[in-house]
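Below are a few exercises on one protein chain, each followed by a worked solution.

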Amino acid sequence: INSKDESNKIMRAVLMFMSLLAFTGRVFAEDADTNYVLSPVHLDSVLPTKLMVFIPGGNVPNTDYNKTVSAVQEELRESVNLYVAVLGFSSRKCIKVCPFSGGCFLLHNQVLDAVEMAREEGFDGTEEDIIMASHSLGGTCANQLVQGYPDEQMYHNGQIFYGSYIDEEGDFGLKNYPTPFAMIGAELDGGLARPGKFANWAYDFNDLSQEIGVSAAVEKSAVLIIPSIDHSDFCPGFQVPGDIFPSEIDDDSATMEISKTTAAWLKYSLLKSPTKKDINLLKKLINFTQDLLDPYFKALNYEVMNPAMHYLGEGGVYSPLCEDAQMILAGFDEDDSSRVEIGRGCDVEGFDDSRSCAYLNSTGDFEHSRSQYELNEEGGILSVNVSGHAEYYRDFLNTGSFTCASEVGCKMLSGKRIADELGIEYEEETSRGSCKDVNQHAIDIALDLLKGTKTLERYEKYGKKICLGDDFDAFFSAGPAWIKESLEIKETDECLSVKSVKIDTALDSKLFPGVHYCKLLSPARVVDWIFTDSLKEAKLRE
């Protein structure tokens, strides 16, 4: 085994463990859990027999999954005799016996023990009759079993990930995953499996659906978000710290939605016996997931075009938000605005060098980009260069919560510079608009994209709002200092406070004369806030 690859796997496991442990709360080491088996309540000799091996989430007592898995058994009673083996860990953390894909032999042995326990209770199927299910941190371990045991059939018949996920890309990303799976998420998940994170796999699911068709994509790699439930609803009786708790619907209703969704996918993908009701439910959930995330995908495109999940390092061409920002800063009327032409791409004709790109993929390149301009005197049109760069939250080896940009940096001209070149009377020394004005524009974009949705209705009624502070100057108004400083986003008791760091210089400045730089709020960050964190203190059940 390549030592570097193995080190990366170990680091990934440690980081995932720390990240999920922070979300799932305190340790219950004094209460050790053990494996147990739930037999089908109604055995039918005509029906096939299956075993579901369930891996609990971090710190959750394994008996808190009884209600969920029993409901799944009941929902499938006319389709399959389903045994369920729920694993238990002395630490209540599967990651301690499966820290990385090459180090899961203890967990693998525990799964084998659970299978033997099920056989003692009457399960008489083969390895082909075993499916895996998991919740939260348990999904990390299940994913590592898939990767670490490629020849172990029981890990490759089917996987259900509740409030958890697989790799973001690569051999074990959605399109290449070697095992049929369903990722079942919660609209009100308050942690790492929030809708904004699930968006990564929903995006890939959309692509896969276009390539092989929706039916085949659902059978192979379903990504389904259930409305109105939270992360804790998968383990009723346990409140997961950091969650949006309680969710909008009562525990019984949430359990019913989870069990119906699980049963519908199992019958569709693995048992090949879906009813019309099952198919309609899957269609409904696919449509809900896409409708829920559509505003988010559209908001992401304001950070950088072309469309992609850019936090994974996919490049872009230009930043629509930066283009909007340039005109907001200038504050021209419609006639004067029509005389400004913003270039896209690199090496724009008439500009001095390739640092005039409309979008820079690296911070280093962005630092050395320059705002440039050229006047077409015959047509009276000023061609300008606006450079953008989106900075993303740390997501080392799939341990981050956010897929949106933490900030969008825009290097622009001051309104005064543009007015001076066009011969327009302009009273301000730098710009009429401010970075704060652009941040309000980002909020307005998000609210407009969410118009008419339950998401927005919920936020307007219960959500903590965003408040904008005045722009603050970069240290000595120096470009390198501005690059290193960040958009200030801080949650207070009253609101999510947002302030931009700026550079705005007069035409006679000795340092970068006539420029206006802003670190800006992404519309997608606003949508993510509205989805999730704005509701953490809300009481959704009234």
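Two cysteine sulfur atoms within 2.5 Å of each other count as a disulfide. Keep in mind that this is a predicted model.

**Exercise 1. Work out which bond Cys98 makes, and its handedness.**

Step 1: Check the sulfurs. Those of Cys98 and Cys104 are 1.9 Å apart, and a disulfide joins the two residues.

Step 2: Look down the S-S bond. The torsion of Cys98 and Cys104 is about 60°, so this disulfide is right-handed.

Step 3: Check the surroundings. Cys98 is buried, and Cys104 is buried too.

Step 4: The same cut-off gives a count of five disulfides.

**Exercise 2. Find the partner of Cys94 and say which parts of the chain the bond ties together.**

Step 1: The partner is Cys141, with 2.1 Å between the sulfur atoms.

Step 2: The link of Cys94 and Cys141 has 90° about its S-S bond and is right-handed.

Step 3: Cys94 sits in the loop between strand 3 (81-86) and helix 3 (105-120), while Cys141 belongs to helix 4 (residues 137-148), so the bond ties together parts 47 residues apart in sequence.

Step 4: Cys94 and Cys141 are both buried.

**Exercise 3. Is the disulfide of Cys435 and Cys518 left-handed or right-handed, and where do its ends lie?**

Step 1: Confirm the bond. The distance from S to S between Cys435 and Cys518 is 2.0 Å.

Step 2: For Cys435 and Cys518 it is about -80°, so the disulfide is left-handed.

Step 3: Trace the chain. Cys435 is in helix 13 (residues 435-449) and Cys518 in strand 18 (residues 515-520), so distant parts of the chain, 83 residues apart, are linked.

Step 4: Cys435 has 0% relative accessibility and counts as buried, and Cys518 is buried with a relative accessible area of 0%.

**Exercise 4. Describe how strand 2 is covered and which strands it pairs with.**

Step 1: Start with burial. Strand 2 (residues 49-55) is mostly covered, with seven of its seven residues buried.

Step 2: Sort the side chains. Thr49, Leu51, Val53 and Ile55 point one way, Lys50, Met52 and Phe54 point the other way, and all are buried.

Step 3: Take one neighbour. Strand 3 runs parallel to strand 2, and six bridges join them; in that pairing Leu51 has Tyr83 as its bridge partner.

Step 4: Follow the connection. From strand 2 the chain passes through helix 2 (residues 66-75) to strand 3, and this β-α-β crossover is right-handed.

Step 5: Take another neighbour. Strand 4 (residues 130-135) pairs with strand 2 over five bridges, also in the parallel sense, and Val53 has Met132 as its bridge partner there.

**Exercise 5. Find the residues that touch the most other members of the largest nonpolar core.**

Step 1: This core has 132 residues, and the ones to pick out are Ile55, Leu107 and Val111.

Step 2: Ask what supplies the core. Its largest share, 10 residues, comes from helix 8 (residues 276-303).

Step 3: Zoom in on Ile55. Leaving aside neighbours within four places in sequence, its contacts include Leu87, Cys94, Leu107, Met132, Cys141 and Leu145.

Step 4: A second, separate core has 11 residues, among them Ala330, Leu382, Ala419 and Ile424.

**Exercise 6. Classify the ring pair of Tyr162 and Phe234.**

Step 1: The whole structure holds 18 aromatic pairs.

Step 2: For Tyr162 and Phe234, the ring centres are 5.2 Å apart and the planes stand at 35°, so the pair is tilted.

Step 3: Tyr162 counts as buried at 2% relative accessibility, and Phe234 is buried at 1%.

Step 4: Widen the view. Phe54, Tyr65, Tyr162 and Phe234 are linked into a cluster by ring pairs.

Definitions and conventions: Residues numbered from 1 in each chain as written. Predicted model: local features only at pLDDT ≥ 70, side-chain atom pairs only at ≥ 80, totals over all residues. Heavy atoms only, no water. Core = buried A, V, L, I, M, F, W, Y, C linked by side-chain atoms within 4.5 Å. Buried < 20%, exposed > 50% of the residue type's maximum accessible area, 1.4 Å probe, protein only. Helix = DSSP H or I, 4+ residues; strand = E, 2+ residues; numbered from the N terminus. Contact = heavy atoms within 4.5 Å. Pairing = 2+ DSSP bridges. Right-handed = clockwise from strand over helix to strand, strands pointing away. Phe/Tyr/Trp six-rings, centres within 6.5 Å; stacked < 30°, edge-to-face > 60°.
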